[in-house]
Every structure is written in C-alpha cells, then in structure tokens.
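Subject: Structure handover

Hi,

Here is the structure for you to look over. Please open it alongside these notes.

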Amino acid sequence: MIPSIHKQGGDTAGLIAYLFGAGRSEEHIDPHLVASFDGLAPDPGRDPGATEADLQQLLDEPLHLLPAGTRPDKHVWHASVRAAPGDRTLTDAEWADIAHQIIAATGIDPGDGAGCRWAAIRHADDHIHLIATLVREDGRKPDHHRSGKRAQAECRRIEADYDLHRVAPGDGTAAKRPTSAEQHKAKRRGRDRTAREELRETVRRAAAGTGSETEFFDRLVAAGLLVKLRTAPSGDTLGYTVALPDDRNKDGAPVHYSGSKLAPDLSLPRLRERWTEAPTRPTPVQASRPASARRHATGAVWQAVLLIDHGDDGTVAAQLAAAGEVLDALAKTSAAHTRTQLRQAATAFERAARSHVRAERGQDQALRQAARDLVHSGPALGRGEDGATGAMLIDMAFFLAVTASAWHAKKNHAQQAVAALQAADHLRAAYEAAAAQPMALLQQRGRLMSRPLQHQQAAALRHAVPDLAEQILAEPGWPALAATLAEAQAAGHSPVGLLTEATQRRELASAASISDVLVWRLRHLAQLPGDPVTASSQIARTGRAPVPPSTTQTASKVTSDNTRRR
C-alpha cells in the first residue's frame, strides 16, 4: 500500500474535474465516489442527478466560516493511495474503509465530529484519490503536519489487516515513481516500462565510469537520447534534460525529464561530485582487456566489502554509491548470457545505493576507477579468461550486496535492505550462468588429480578451516577447490596460508557453495588465471605455473590499502 501526498492547491473544482474525467491519457475507468466525510456526498460519477459542482460546493462550504481575507489560498489537500503491484483487486467497500483510516491517521478528519470535509474517488482498480478542504467544521485548521509519514505508518497497519504485500517503509530518498498517466501511456504503446524508467536506466548506465561532463553528455547522445542543456547567461551549464525520441506529448513535442526528476543522484550537481573526485590514474584504454579490468574490479569490490563491514557511515555510503556504478558498468559490458540478470541486479541496487547518510567523497576512488576500467575495456566474451574473471567479479559483487543489505538493516533502511537482497538474488543467478563453464573444467581437473594429491589438499583444508572442512568436502564444488589449491601450490603458495587468509577476510555463511566462493577468492589472492584452460596453456608454455606476488605480499597490500582508506 503506497500513499502519496500531493502539493496543496487552490482549485477544488479543477481537481474534481480531473478525478472524474477521462484522465490525461484516457486512463480513468468508471470514476466514482467510494467514501466521504458523512457518507452522503453526491457522486457525479454514478448518480445522473449529481454534478461535479455539487460536490465542490459541499466540500468548500467550511471556507465560508472564515472572515473575508482570511481564507487560505491553498486550501485543497490531495492524496492518492495505491495498492502494491501483485496485490489483489480491492472492493469499493474495502477502499472506503482504507480511505477512512488514512483520513483519520493524517489528521484531516480525526473523528472528533468537527474534522475537514473530504471525499474518496476511485477511477482505477489499483488506487483511490482523497480530496479534502483544509478548514475544519469549527473553522480551525487541521493538524495534518507530517501527513505523509502518518499515511505511511497507517498503510503498514492496513497491509497487515488486509493481508497485502508488506511494502518496506521509505525514507524519502527513492527515485520518483512513474505517475498513473505515464504507466497508462506505456501500456497503450505496448511498452513494459514507462519513459521515466527507461530514461533513468539509460542515464544511469551512461554515467557509469565517466570522468567528465563532456564524456557524460556524449554518452547520452550516443545512447540515442534527446539532450537539452540549461545554461546561465555566462554560458555555464546549470542542468540538463533528456527525452526518448518517440515519447511525445499531445502537441508532438518530446517529453523531457531533468536528471533530478529521474533520480536524486542523477542531477548535474550530484554527478559533478563524482567527477570532482574522479580517479587521477589514467585508464589504459588501449592496453586494458576485459579480463584484467574484471580482475582489478574484483579487488576493488573486495576492499569495499571490508570497508562496509568495518568503516564509518560516511565511508560506507560512499562505497555503496560507487558500487552501484560498478554494477552498471558490469551490466553494460557483460556477455549476453549474463546481461539480463546483471541489468536487473544493477536496477535493484540503485535503490540500495542511496540513503540519508552523506557519502564521504574520496573514499570511493577505487570503485569508480574500477567502473571506468570496465567501461573502457569494452564488452567481455562469455568464455575463456573473460568469462572466468567475470564469474569471479560477480561472485564478489554478490557478497557486497549481501553485506550492503546487512548494513542497511542495522540502520533501519528498510527499502534499501530489501533492494540489496533483490540485487543479490540477480547476482547469484548471473554467477551461476557465468561460472558454469570454468567450474565444470576445474571440477573435471580435480577429479583427475592423483589420490595422494587429493588427500594432501583435503588435509590442508582440515588444518586451515577445521570447522568448515567436512561441509566443504561434501559439496559438489570440492574437486574444483582441490584443483585450485594444487594450482596455487604449484605457483609457490601455501594452501594452508591461502585458505586461512581467504576464510578470515569475511564470513562464508551466506554462500550457497562455500567451495565455489573459496575457488574465486583463492584465484584472486594468488593471482591465478581465472580460466583453467588459460592456466594449463601457461604451464604448457613455460613448464611451470605462473608465479604471482607471494601471499604475504598480497595480504600486506590489502591491509595497507584498507588502513589508508579508513
């Protein structure tokens, strides 16, 4: 149940005409009254003998109790209450009861016998509108301060009473929802999403990995959007609006939306904050490959997980905002078989990336550089080293989303916590698609290992993580982990040391397969090729496994980086 308190107005007749009319896009169906302050108000929708003027005059009658010159200009209170997507269709009687509860909770008519006059109009299956005159029967003003917060709280009770979908309470930082007119327009044109939603996603992805204003606007144009800049007399750019080429109003003009109307963090001033703190390291556009960009991003996301676990609120907020940019960049450059799930993950996480906690700028440079590297490295293949390092990054991003949800839950950010878990679900599905081929190859290699070598790796596991060892050994992914341990050992690493470090970095309880998680953590820590075929070819070519920096060196760098960011 989603309430919206609209701006106060001064035209009762105009609002009634809209509510009982066909709608801006002819979306209103069977407009009629479902409730009113006395239960006897005229219904111009279904009563042939009643007019809209009759209803207007009845509602505005208390205005005449006030002396001339003291009547408020903005005396019309307007709210809408919408059922959540997937809720059953409520009856008129149920909507009437809901209207009474919302009106009482907001202070419009608290039930003291002298409240404001009001009416509830229904012109669609999924919502009603409430209209009231902000003068009580006794001539006083109603106490409707913070009516939006009151309506939200009452809707939580209504959801329980009517067994409806429990909507997580918001904090005012969510992107603006599409209006009913926008939704009906999209439906009429056969679109799954409204223009506002499509533009929000397109602009958000265009902004991912950008380093300047010019680059951002160039990407918007390249994405096929119509872009208008708002400039000051000095020539400085003050803001921007975007439109879909085929989204027109009744006069045939494009329907433009400003960045701030799409989402709070897509306004030009907010975007400029990103660019002001843009990483100073240049992106090696020519040399960077998708696999190396994904490996670098995995490290940045890992550090972000640690900072979310242990950083202060400002640092965490910065990590979450930048993590959203990484997910957008990953979705933008992903292989076809993971693209849909990654896009849905990025869309869900967009809500988790914002809260009232102010981000501490400068703490997010590693993630923003990672996003830039991903974008400039270009689209990745879904196989080979590109595919394997993609699985490695998605696996780490999953843990970031779970960690973000836990942090938001501690802060009572209900909507953000839910959104982060939704993103995690999509990331898990994307991981399963991305990891299928490399994990199958690793499992095959593990099963072909000699029995003494298998026992050796199992012993290392029991020594490093005695509490989890038997569970991991029973998992289908154990052969892949055994093969990875053997590969790391051939490269000069201690399997026990790697396992100890990998399991101490963060909890593993939220993992569906601990062995899968450890495979990618170990391959990242030891800087082993993500793709088993790539590793085999290097061994065949050089006669030995690739020798990366030692585990001690890697751990030292991780610790020093984390300390410096804190």
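A polar contact here is a pair of N or O atoms within 3.5 Å, where one must be able to donate a hydrogen and the other to accept it. By that rule, the side chains of E385 and R295 are joined by a polar contact of 3.4 Å. Keep in mind that this is a predicted model. E385 belongs to helix α14. Buried means under 20% relative accessible area. E385 has 14%, so E385 counts as buried.

**Helix pair α11 and α14**

The crossing of α11 and α14 is left-handed. On the α11 side, the contact is made by D313, V316, L320, A323, L327 and L330. On the α14 side, look at L393, I394, A397, L400, A404, W407 and H408. What classes of residue make up the contact of α11 with α14? There are 11 nonpolar residues, one polar and one charged.

Strands of a sheet pair through backbone hydrogen bonds, either parallel or antiparallel.

**Strand β4 and its partners**

Strand β4 covers residues 116-124 and runs antiparallel to β2, with four bridges joining the two. H32 has R122 in β4 as its bridge partner. L33 stands opposite I121 in β4. How many bridges join β4 to β5? Seven do, and these strands also run antiparallel. W118 has A132 in β5 as its bridge partner. A hairpin through two residues joins β4 to β5. Is β4 enclosed or open to the outside? Nine of the nine residues of β4 are buried, so β4 is largely enclosed by the rest of the structure.

**L66 in its loop**

L66 lies in the loop between α2 (52-60) and β3. The relative accessible area of L66 is 14%, so L66 is buried. Leaving out residues up to four places away in sequence, L66 touches R71, P72, V135 and G139. L66 and G139 are 73 residues apart in sequence, yet 6.4 Å apart in space, C-alpha to C-alpha.

**Helix α7**

Last stop: helix α7 (residues 213-222). Its buried residues are E215, F216, F217, R219 and L220. What do the buried residues of α7 pack against? They pack against the helices α6 (195-207), α9 (268-276), α11 and α13 (365-377), and against the strands β6 (226-231) and β7 (237-243). G224 follows α7, and its phi is positive, near 90 degrees.

Over to you.

Best wishes

Notes
Residues are numbered from 1 along each chain as its sequence is written. This is a predicted model: local features need pLDDT of at least 70, side-chain atom pairs count only at pLDDT 80 or more; totals for chains, interfaces and linings use all residues. Side-chain values use heavy atoms; hydrogens and water are left out. Two strands pair if DSSP finds at least two bridges between them. A crossing is left-handed if the near helix is turned anticlockwise from the far one by less than a right angle, and right-handed if clockwise. Contact means heavy atoms within 4.5 Å. Ala, Val, Leu, Ile, Met, Phe, Trp, Tyr, Cys and Pro count as nonpolar, Asp, Glu, Lys and Arg as charged, and the others, Gly among them, as polar. Buried means under 20% relative accessible area, exposed over 50%, partly exposed in between (1.4 Å probe, protein chains only).
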